[in-house]
Amino acid sequence: MTPKLAVAKHVTYVQELDNKKDSFEYWAGEHLRLNGVYWGLTSVHLLKHPEALDSAQIIEYVMSCQHTNGAFGGHIGHDPHLLYTLSAVQILATLDALDRIDADQIATYVKSLQQPDGSFSGDEYNEIDTRFSYCAVNCLSLLNRLRQPYIDVDRAVEFIHSCKNFDGGYGSVPGAESHSGQIFCCVGALAILGRLELIETDRLGWWLAERQLKNGGLNGRPEKLEDVCYSWWVLSCLSIMDRIHWINRDSLVDFILNAQDTEGGGIADRPGDVSDVFHTLFGVAGLSLLGYPDLEPVDPRYCMPCSVIKRLGIQ
Ligand code: GRG
Ligand code: ZN
């Protein structure tokens, strides 16, 4: 029988992540620490246990990852990157601590990463990817800096649009294969920018709905394995496009619930695997989009509690 969502176990699992400092997983994930804090913090907020983590301690840790140019690294002393800068801004926004940072300085850093074609590199090494377009747009939106003299919004939109494929999906760069993760980045960014008219809703909606496999789980592209995190990457897009009813809700809920570790806490990529904080967030966030009881509503564009987005005055 499918278990219920083990809320208390998942909260304890997230709380104890920080105590696993002598484990291999902890050190192997060191370069992802700031992302990990965002995943854990957002999980406990969506599970309606915001008190589970020490806000002051988290804010001090986030600030210790900031560089003099305003950008954030993945951990203390690590190089700055847009991925971690977004996580830092998301964490501070969730904890109502955006007054700790200089929004103009961060927006200037984000602007420095925009290329002439409207795309974004993640850092000084010029790797281009629609993930970084999303990070830039989300981050500037949270900072209320989505305008001139910061990034060129029209060009940012043009680049994302140039990554659209014949199947209605999007890839990492123009001509790259459609992948649900990249589709989330493009659809999420276009939604934040109010440019959803550029999306081929029916074509993309069908492609996304076809990601559901017989076992209820979703995969990220044709012929690939199901994975709990696609419950976020796929569902968030369907939700933004108002097509969430195009997948079978109950079988996806069962798939996610069966991927829980009901003893040790946390959710894995699929039933039987070891849980991790990344899949815990995207499993819980997917359940929230599916209307699972007693969860905080999640904003499908930002992957943050709706209450936080509302508090920031974002439409
Ligand atoms: C604030 C939610 C949020 C995100 C920040 C980093 C980022 C922006 C988005 C990442 C989007 C993305 C590319 C997700 C996919 C992650 C994933 C499961 C990749 C696996 O790719 P493959 O090719 O796996 O290894 P498949 O499933 O295709 O076999
Ligand atoms: Zn995954």
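**Figure 1. Loop residue R145 of the predicted model.** R145 is placed in the loop between α7 and α8 (153-162), where helices (H or I, at least four residues) and strands (E, at least two) are DSSP runs numbered from the N terminus. At 17% relative accessibility, R145 counts as buried; buried denotes under 20% relative accessible area, exposed over 50%, and partly exposed the range in between (1.4 Å probe, protein chains only). A polar atom of the R145 side chain lies 2.8 Å from the backbone oxygen of L143. A polar contact is a pair of N or O atoms within 3.5 Å; within protein, one must be able to donate a hydrogen and the other to accept it, and residues adjacent in sequence count only if both atoms are side-chain atoms. Because this is a predicted model, local features need pLDDT of at least 70 and side-chain atom pairs count only at pLDDT 80 or more, whereas totals for chains, interfaces and linings use all residues. Residues are numbered from 1 along each chain as its sequence is written, chains are lettered from A and ligands numbered from 1 in the order in which they are written, and side-chain values use heavy atoms, with hydrogens and water left out.

Figure 2. T94 belongs to helix α5 and is buried, with a relative accessible area of 7%. A polar atom of the T94 side chain lies 2.9 Å from the backbone oxygen of Q90. H45 is found in helix α3 and counts as buried at 14% relative accessibility. Although H45 and L295 are 250 residues apart along the chain, their C-alpha atoms are separated by 8.7 Å.

**Figure 3. The largest pocket and its lining.** The largest pocket has a volume of about 960 Å³. Of its 29 lining residues, the closest to the centre are L17, D18, Y26, R33 and V277. On a 1 Å grid over the protein atoms alone, a pocket is an open set of points with protein on both sides within 12 Å along at least five of seven lines, a cavity is a set of points where a 1.4 Å probe fits but cannot get out, and lining residues have an atom within 4 Å of a point. Grid points are joined across faces, edges and corners, and a volume is the space filled by probe spheres set on the points. Helices α1 (7-17), α2 (24-28), α3 (33-46), α4 (55-64) and α13 (277-289) each supply at least two lining residues; the largest share, six residues, comes from α3. By class, the lining has 15 nonpolar, seven polar and seven charged residues. Ala, Val, Leu, Ile, Met, Phe, Trp, Tyr, Cys and Pro count as nonpolar, Asp, Glu, Lys and Arg as charged, and the others, Gly among them, as polar.

**Figure 4. The second largest pocket.** This pocket has a volume of about 510 Å³. Its lining comprises 25 residues, of which W39, L83, W233, F278 and F282 lie nearest the centre. At least two lining residues each are supplied by α3, α5 (82-94), α7 (130-142), α9 (180-192), α11 (230-240) and α13. The lining has 17 nonpolar, seven polar and one charged residues.

Figure 5. With a disulfide defined as a pair of cysteine sulfur atoms within 2.5 Å, the count comes to zero. The sulfur of C65 is 15 Å from the closest cysteine sulfur, in C139, and therefore too far for a bond. C163 is in no disulfide, the nearest cysteine sulfur, that of C186, being 5.6 Å away. C65 is buried at 2% relative accessibility, and C163 is buried with a relative accessible area of 0%.
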